[in-house]
Amino acid sequence: MKCYRKILRIPWCDRVTNEEVLERVKIQNCQLMNNIRKLKLTYFGHVKRHNTLEKLCMEGMVEGKRGRERPKRRWSEDVAEWLKTPATRDGATAQDRRLFRSLVWKATSSPDPP
């Protein structure tokens, strides 16, 4: 959205909604979100299939306690919500590339849920 606002020369102090910016650029919101979902899901599958530092960082736990604010939204929670599968099975599902690609296609081919 920041890039679109810069292209359209909308100053940061103007109160223009994201929907209005997308209308000016002539992009549908669901199309943009589906592209973002597809990229995030394919990268998730790629990371889960390989033993790399990224996988260690994604699966790792940090010692200590969090602050009192609202719990942070995790990437794995987004993946579980988009694929409509339990978060514990997503890593195992990603090992089968064909199955994971079909799940990604199903999750990104339909418009945004209400």
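Helices (H or I, at least four residues) and strands (E, at least two) are DSSP runs, numbered from the N terminus. With that numbering, lysine 84 sits in the loop between helix 5 and helix 6. The model is predicted, so local features need pLDDT of at least 70 and side-chain atom pairs count only at pLDDT 80 or more, while totals for chains, interfaces and linings use all residues. Residues are numbered from 1 along each chain as its sequence is written, and side-chain values use heavy atoms, with hydrogens and water left out.

**The chain as a whole**

The protein chain has 7 helices and 0 strands. From the N terminus on, its elements run α-α-α-α-α-α-α. The radius of gyration is 18 Å, well over the 13 Å that the globule rule gives for 114 residues, so the chain is more spread out than a compact globule. This radius is taken over C-alpha atoms, and the globule rule is 2.2 Å times the number of residues to the power 0.38. Along the principal axes, the C-alpha atoms fill a box of roughly 45 × 40 × 25 Å.

The accessible surface of the protein chain comes to about 9,500 Å², and 55% of this belongs to carbon and sulfur atoms. Such areas come from the Shrake-Rupley method with a 1.4 Å probe; for residues, only the protein chains shown count as cover. Of the 114 residues, 26% count as buried (buried means under 20% relative accessible area, exposed over 50%, partly exposed in between; 1.4 Å probe, protein chains only). Taking contact to mean heavy atoms within 4.5 Å, 49% of the contacts between residues at least 6 apart in sequence join residues at least 24 apart.

**Aromatic rings**

Rings of Phe, Tyr and Trp (its six-membered ring) pair if their centres lie within 6.5 Å; planes under 30 degrees apart count as stacked, over 60 as edge-to-face and the rest as tilted. A search of the whole structure finds 3 aromatic pairs. In one of them, the rings of phenylalanine 44 and tryptophan 75 have centres 5.7 Å apart and planes at 85 degrees, so this pair is edge-to-face. Phenylalanine 44 belongs to helix 3 (residues 29–49) and tryptophan 75 to helix 5 (residues 75–83), so the pair ties together parts that are 31 residues apart in sequence. Ring pairs link Tyr43, Phe44, Trp75 and Phe100 into a cluster.

Phe100 is also touched by threonine 93, as are Leu99 and Leu103, not counting residues up to four places away in sequence. Threonine 93 is placed in helix 6 (residues 87–95).

**Buried and exposed residues**

The table gives relative accessible areas.

| Residue | Relative accessible area | Class |
|---|---|---|
| Phenylalanine 44 | 3% | buried |
| Threonine 93 | 10% | buried |
| Tryptophan 75 | 25% | partly exposed |
| Lysine 84 | 72% | exposed |
| Arginine 9 | 75% | exposed |

In helix 5, Asp78, Val79, Ala80, Trp82 and Leu83 are buried.

**Positive phi values**

Most residues other than glycine have a negative phi. Helix 5 is followed by lysine 84, whose phi is positive, near 60 degrees. Arginine 9 likewise has a positive phi near 60 degrees. The loop that holds arginine 9 runs between helix 1 (2–7) and helix 2 (18–25).
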